[in-house]
Amino acid sequence: MMDARWRVSNLAFPVNGRVVVLTGAASGIGAALAEQLAARGARLALIDVNEGGLEEVATKARATGAVVTTWVIDLAKAGAADGLAANVARELGPAAVLINNAGIALGGSFEMASAAQFDLVMAINFAAQVALVREFLPQLKANGPAQIVNLSSLFGIVGVPGNVAYCASKFAVRGFSEALRTELTRTDVGITVVHPGGVRTNIARSAVIAEGLDPKLAEAGKVRMEKVLKMSPEAAAARILKALDRREKRVLVGNDAKAVAFVQWLLPVSYGRLMPKS
């Protein structure tokens with residue numbers, strides 16, 4: 001076990017030879033994180049519901065010499081991660097880093113979406129993060145220094161019309177992460193909450209469409225959204241790992257995230273007047 005007194009100075013967070021658990025690993029930011037973590041010598045436990053994509057990412061990571069296990073799990077299901085920590089420890093060793101990256105979007109206004117659709121977004125984007133933190137926290141506390149990296153969003157800083165469920169889930173991630181961080185102050189488990197801006201992933205293309213939304217309008221909305229997704233997943237992953245190195249508490253990924261966060265800070269109530277209407 002590493003000395004629990006270790007702290008960041010000029011050294012990067014030590015992932016070489018340590019176990020990193022990563023959800024949403026089959027594509028986008030998750031796939032880029034897996035590749036970059038493998039290059040650093042991390043031992044990877046990769047999780048996704050997409051078995052084919054997951055194995056493709058794992059194969060690339062193993063080609064670097066990294067030790068990789070894959071876990072096909074539907075995080076929308078309650079209890080899906082039960083026992084995972086013990087299984088990962090048996091296969092790889094105890095976890096030192098947990099990166100909660102998995103997420104989905106829901107297009108359409110609050111009134112257009114069904115209760116089941118809203119609950120699905122909350123289950124994957126928020127409840128699954130809580131469940132995984134609960135599952136792995138004992139290992140992380142016992143094997144510090146350790147870090148939890150929870151992906152929120154730019155939409156966890158501002159409320160955006162037509163994205164009520166997504167915003168609710170990402171605001172919840174932010175609140176959960178910030179409050180839990182204060183509870184863990186006397187431990188060597190840190191929490192980084194990540195707010196990416198527009199990253200070129202499949203999140204817009206694969207978004208759930210509200211039951212009451214016209215499919216043509218939904219498709220047009222996806223096209224508009226994809227136009228603002230500028231940053232590459234690789235660049236986003238590099239920024240997230242830089243935050244891990246420094247054990248940063250909060251990281252804004254992309255200039256768009258920084259700009260919008262500044263507007264929210266400047267106009268905490270009235271920023272909504274600047275938002276496009278749904």
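Leu-184 is buried, its relative accessible area being 6%; here buried stands for under 20% relative accessible area, exposed for over 50%, and partly exposed for values in between (1.4 Å probe, protein chains only). The residue belongs to the loop that runs between α5 (164-183) and β7 (189-196). Helices (H or I, at least four residues) and strands (E, at least two) are DSSP runs, numbered from the N terminus. When neighbours within four places in sequence are set aside, Leu-184 is in contact with Leu-137, Val-189 and Ile-191, contact meaning heavy atoms within 4.5 Å. Lys-141 is 43 residues from Leu-184 in sequence, and the two C-alpha atoms are 9.1 Å apart in space.

**Basis and confidence of the model**

The model is predicted: local features need pLDDT of at least 70, side-chain atom pairs count only at pLDDT 80 or more, and totals for chains, interfaces and linings use all residues. Residue numbers start from 1 along each chain as its sequence is written, and side-chain values use heavy atoms, with hydrogens and water left out. The average pLDDT of the protein is 90, and 88% of the residues score at least 70; pLDDT is the predictor's confidence in each residue, from 0 to 100. Residues 1-10 have a pLDDT below 50, and this stretch has 22 contacts in the model beyond near neighbours in sequence. Where pLDDT is low, the predicted coordinates should not be read in detail.

Helix α5 consists of 20 residues and spans 29 Å between its first and last C-alpha, close to the 28 Å expected at 1.5 Å a residue. The expected span is 1.5 Å times one less than the number of residues in the helix. Among the buried residues of α5 are Tyr-166, Cys-167, Lys-170, Val-173, Leu-180 and Arg-181. The buried residues of this helix pack against β5 (106-107), α4 (115-142), β6 and β7.

Four aromatic pairs occur in the structure. Rings of Phe, Tyr and Trp (its six-membered ring) pair if their centres lie within 6.5 Å; planes under 30 degrees apart count as stacked, over 60 as edge-to-face and the rest as tilted. One of the pairs, Phe-110 with Phe-118, is edge-to-face, at 5.9 Å centre to centre and 90° between the planes. Phe-110 counts as exposed at 52% relative accessibility. Phe-155 and Tyr-166 also form an edge-to-face pair, with 5.9 Å between centres and 80° between the planes. This pair links distant parts of the chain, since Phe-155 lies in the loop between β6 (146-151) and α5, whereas Tyr-166 lies in helix α5, 11 residues apart. Phe-155 and Tyr-166 are both buried.

**Nonpolar cores**

A nonpolar core is a set of buried Ala, Val, Leu, Ile, Met, Phe, Trp, Tyr and Cys residues joined through side-chain atoms within 4.5 Å. The largest such core has 37 residues, and those with the most contacts inside it include Val-20, Leu-37, Ile-99 and Ile-240. Elements giving two or more residues to this core include β1 (19-23), α1 (28-39), β2 (43-48) and β4 (95-100). Helix α1 supplies the largest share of this core, seven residues. Beyond four places in sequence, the contacts of Val-20 include Leu-37, Leu-44, Val-97 and Ile-99. Another core, of 27 residues, lies apart from the largest one and includes Trp-71, Ala-128, Ala-146 and Ile-191.

**Salt bridges**

The structure holds seven salt bridges, each a side-chain nitrogen of Lys or Arg within 4 Å of a carboxyl oxygen of Asp or Glu. Three of them are tabulated below.

| Salt bridge | Closest N to O distance |
|---|---|
| Asp-245 and Arg-40 | 2.7 Å |
| Glu-56 and Lys-60 | 4.0 Å |

Asp-245 is in helix α7 and Arg-40 in the loop between α1 and β2, so their pair ties together parts 205 residues apart in sequence. Asp-245 is buried at 15% relative accessible area, whereas Arg-40 is partly exposed at 30%.

Arg-246 is partly exposed, at 47% relative accessible area, and Glu-248 is buried, at 15%.

Glu-56 and Lys-60 both belong to helix α2 and stand four residues apart, about one turn of the helix. Glu-56 is partly exposed at 47% relative accessibility, and Lys-60 is exposed at 57%.
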